[in-house]
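Subject: Structure for you to look through

Hello,

Here is the structure I said I would pass on. Please have it open beside this message while you read.

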Amino acid sequence: MIEASDLTKTYFSRRGLLGRPTAVHAVDGISLTVTQGTTLGIVGESGSGKSTTGRLLLGLETPSAGHVRFDGEPMPALETAAWRKYRARMQLVFQDPLAALDRRLAIGAQIGEPLTIHDVGTQAERRERVTTLLQAVGLRRDQENSYPHELSGGQRQRVVIARAIASDPQLLVCDEPVSALDVSIQAQVVNLLRDLQETRGITMVFISHDLKVVRNVSDRVAVMYLGRIVEEASSKEIFRAPLHPYTKALVSSVPVPGTALKDRIVLQGEPPNPAARPVGCAFHPRCAVAITRCRTETPALLPAAAGHSAACHLVHGGQPVTAVAETMPE
Ligand code: SF4
Ligand code: MG
């Protein structure tokens, strides 16, 4: 349904007035497929390129290289009529619901906005639709007259979600949708997104720095590190049998039953800096099991088991790494 191949986004940042522009590889040649009606979770620390990946998939940014295809069609050039049509089929929900909402407008009007813009139905039908949407996200009918500041953070994110699904999008990209919410509210909003995705058959990309948040909502999970996918598998396999040392560290920090790793693996060293990507395996300065080769040779993302890929020399048993980054298996 949505496919990215060799997707790359490079920024140039200049340090100081006379500094040379430095290339920052925010996203560095990733390939992924999200099958229609399923959810791909993308997990990584800040600076791993997950948000940029989401924006590239939505056509909000032009890739420096590589392609995105949606339903087999290539993404049209930014801001063209074809692009607006493409964009109309997808929606973004991000971290801060207050920033996404208009403080001066009642929430009913905001939820109905996409219907008005796209001229869907009569005014009465649109009002009816807003009521249905309020109910779908667990808000009361009379709350349509409330203003954003009268609602809690969790309720505001429900409003944003209602508005995002108002136009019946085929793809929903959620970028840290619950990170700004109280932990006690997070599960409710995640469950809401999962239910809406399931009942409406929406294809979803769910981005989070928190592996336990994506766990219950994702069919498949891609783990990103410094602009690349380092492991990709079904959500179940990622937790049951993580292969990449970075994923193992993430999984070991999640205190849930059914986690394969009993001992906590603490990540050492500095958090990743996209402007100073280590050569070889980008994870090697923090990897507890790195071998000499890891400092010079970049491991490719290769299948390690059915439907399970990893980019680590140890996983692939010291075989020569000649293959180019593999597209994720279906
Ligand atoms: Fe660690 Fe080497 Fe595997 Fe990278 S390739 S994760 S440094 S063992
Ligand atoms: Mg981000």
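Which residues does Val-27 touch, not counting residues up to four places away in sequence? They are Leu-7, Thr-8, Lys-9, Gly-49, Thr-52, Thr-53, Leu-56 and Gly-227; two residues are in contact if their C-beta atoms, placed from the backbone, lie within 7 Å.

Before going on, two notes on conventions. This is a predicted model, in which local features need pLDDT of at least 70 and side-chain atom pairs count only at pLDDT 80 or more, while totals for chains, interfaces and linings use all residues. Residues are numbered from 1 along each chain as its sequence is written, and chains are lettered from A and ligands numbered from 1 in the order in which they are written.

Val-27 and its strand

Val-27 lies in strand β2 (residues 21-34). Helices (H or I, at least four residues) and strands (E, at least two) are DSSP runs, numbered from the N terminus. Val-27 counts as buried because it has 30 C-beta neighbours inside 10 Å. A residue is buried if 20 or more other C-beta atoms lie within 10 Å of its own, exposed if 12 or fewer, and partly exposed in between, with C-beta atoms placed from the backbone. Ile-207 is 180 residues away from Val-27 along the chain, and their C-alpha atoms are separated by 14 Å.

The eight-stranded sheet

An open sheet is formed by eight strands in the order β6-β7-β8-β3-β9-β10-β12-β11, with mixed pairing. Two strands pair if DSSP finds at least two bridges between them. At the edges are β6 (90-94) and β11 (302-305), each of which pairs on one side only. From one strand to the next, the twist averages 20°.

With β10, β9 runs antiparallel and is joined by six bridges; Met-224 stands opposite Ile-229.

The hairpin of β9 and β10 has two residues between the strands. One residue in that loop is Leu-226, whose phi is near 45°, a positive value in a residue other than glycine. Is Leu-226 buried or exposed? Leu-226 counts as buried because 23 C-beta neighbours lie inside 10 Å.

Helix α10 (residues 245-252) lies across β3 (39-43), β9 (220-225) and β10, and runs at about 110° to β9. Axes here are lines fitted to C-alpha atoms, for helices over the stretch in contact, and angles run from 0 to 180 degrees between N-to-C directions.

Strands β1, β4 and β5

Strand β1 (residues 2-14) pairs with β4 (residues 65-70) in the antiparallel sense over five bridges, and Thr-8 has Ala-65 as its bridge partner in β4. Two bridges join β4 to β5 (residues 73-74), also in the antiparallel sense, and Arg-69 is the bridge partner of Pro-74. This hairpin has two residues between its strands, and Asp-71 in the turn has a positive phi of about 55°.

The loop between β5 and α2 (81-88) holds Glu-79, with a positive phi near 70°. Glu-79 is exposed because there are 9 other C-beta atoms within 10 Å.

The core

The largest nonpolar core has 80 residues. Such a core is a set of buried Ala, Val, Leu, Ile, Met, Phe, Trp, Tyr and Cys residues joined through C-beta atoms within 7 Å. Among the residues with the most contacts inside it are Ile-161, Val-223 and Val-230. Helix α6 gives the most to this core, with seven residues. Val-230 touches residues including Val-223, Tyr-246, Phe-283 and Ala-310. In soluble globular proteins, nonpolar side chains tend to be buried together.

The ligand

Of the 14 residues around ligand 1, Cys-281, Cys-287, Ala-290, Cys-294 and Cys-312 come nearest; a residue is near a molecule if its C-beta atom, placed from the backbone, lies within 6 Å of it.

Regards
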